[in-house]
Amino acid sequence: MAGQNLDEDPELAYRHARTAMKMAPRLASTREAAGLAAYLTDRYSEALADLRTVRRITGTNDHWAVMADCERGLGRPERALAMAAAPEAKTLDKETQIELRMVAAGARLDMEQPEAAVVQLQGADLTPAKIQPWTARLRYAYAEALLAAEREDEAREWFMRAADADSDGLTDAAERVDDLDGIAFDEFEDELDADAEDAAEDEDIAPEGHVDEADEDDEDEDDEEEDEGGEDGAAHEELTAEASADSDSSDSHSDTDREADPDAPGEDTT
């Protein structure tokens, strides 16, 4: 059950392995299952202890690379590098040697030595005549080291090569290529925006599509004043018309009164 769940659910695999180890703590198979499950769930101290026990029981170095990576996980990259250079490393099969090289490169990155990590991974194994099970992961690790060394163009190339070799989808190399392309495109857009802003400042004009808030407020105020002026003018004309009508009416009444009352004093023409 630990083996069946190791890839899909490492935590469940770990619980099965620990139960098996309690039932048979001296069996290499139970300690191996417990050690690998602990490693995949980031329990590096437990993993290292279990895998060391497996090595003592079996006398083999099959998990040497995993043990070195546990040292990295525990914050001891120097010990991982020492294991990569130890005589035991020469007894490993090809695949485990490749894994150990990737662990050593990771240790170099932990120690902020990206160029040393690049050198650690260089070799004919990056370009084999036939794609091997480890080719995609090795190329991916190499691309990561190049990226850490700020060699983005080379990193992109090797991420692409990793994607070409990764028929099983073991890595996200294709997505990393897209990310690098996206970063370059964003930088290009930023440069264009900066150039447009500089040109606008030189010509003392706002960028295209930009409306200055102060100008917009002034236009609104002018519109309001025009509206108010129009309303006041209309009201004034109306009052003037009413006053004129009242005046005409008053004059008309006055003339009529004079005609009706001949004794009313008139204008002295003397």
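For what follows, contact means heavy atoms within 4.5 Å, and helices are DSSP runs (H or I, at least four residues), numbered from the N terminus. The model is predicted, so to speak of a local feature takes pLDDT of at least 70, side-chain atom pairs count only at pLDDT 80 or more, and totals for chains, interfaces and linings use all residues. Residues are numbered from 1 along each chain as its sequence is written, and side-chain values use heavy atoms, with hydrogens and water left out.

**Exercise 1. Check the length of α4 and find what covers its buried residues.**

Step 1: α4 has 15 residues, which at 1.5 Å a residue should span 21 Å. The rule is 1.5 Å times one less than the number of residues. The end C-alpha atoms of α4 are 21 Å apart, so the two agree.

Step 2: list the buried residues (under 20% relative accessible area, with exposed over 50% and partly exposed in between; 1.4 Å probe, protein chains only). In α4 these are Ala 47, Leu 48, Asp 50, Leu 51, Thr 53 and Val 54.

Step 3: look at the cover, which includes α2, α3 and α5.

Step 4: go past the end of α4 and you meet Gly 59, with a positive phi near 75°.

**Exercise 2. Describe how α5 and α7 pack.**

Step 1: two packed helices are described by the angle between their axes and the distance between the axes. Axes are lines fitted to C-alpha atoms over the stretch in contact, and angles run from 0 to 180 degrees between N-to-C directions.

Step 2: for α5 (residues 64-73) and α7 (residues 94-110), the axes come within 8 Å and cross at roughly 10°. α5 and α7 are therefore roughly parallel (under 35 degrees; over 145 is roughly antiparallel, 65 to 115 roughly perpendicular, the rest oblique).

Step 3: find the residues that meet, including Trp 64, Ala 68 and Arg 72 in α5 with Leu 100, Val 103 and Ala 107 in α7.

**Exercise 3. Which residues have the most contacts inside the largest nonpolar core?**

Step 1: a nonpolar core is a set of buried Ala, Val, Leu, Ile, Met, Phe, Trp, Tyr and Cys residues joined through side-chain atoms within 4.5 Å.

Step 2: the largest has 29 residues, and Trp 64, Ala 68, Cys 70 and Leu 100 have the most contacts inside it. α5 gives the most to this core, with six residues.

Step 3: zoom in on Trp 64, which touches Met 83, Leu 92 and Leu 100, among others.

Conventions. Helix = DSSP H or I, 4+ residues; strand = E, 2+ residues; numbered from the N terminus. Lists of a residue's contacts leave out its neighbours within four places in sequence.
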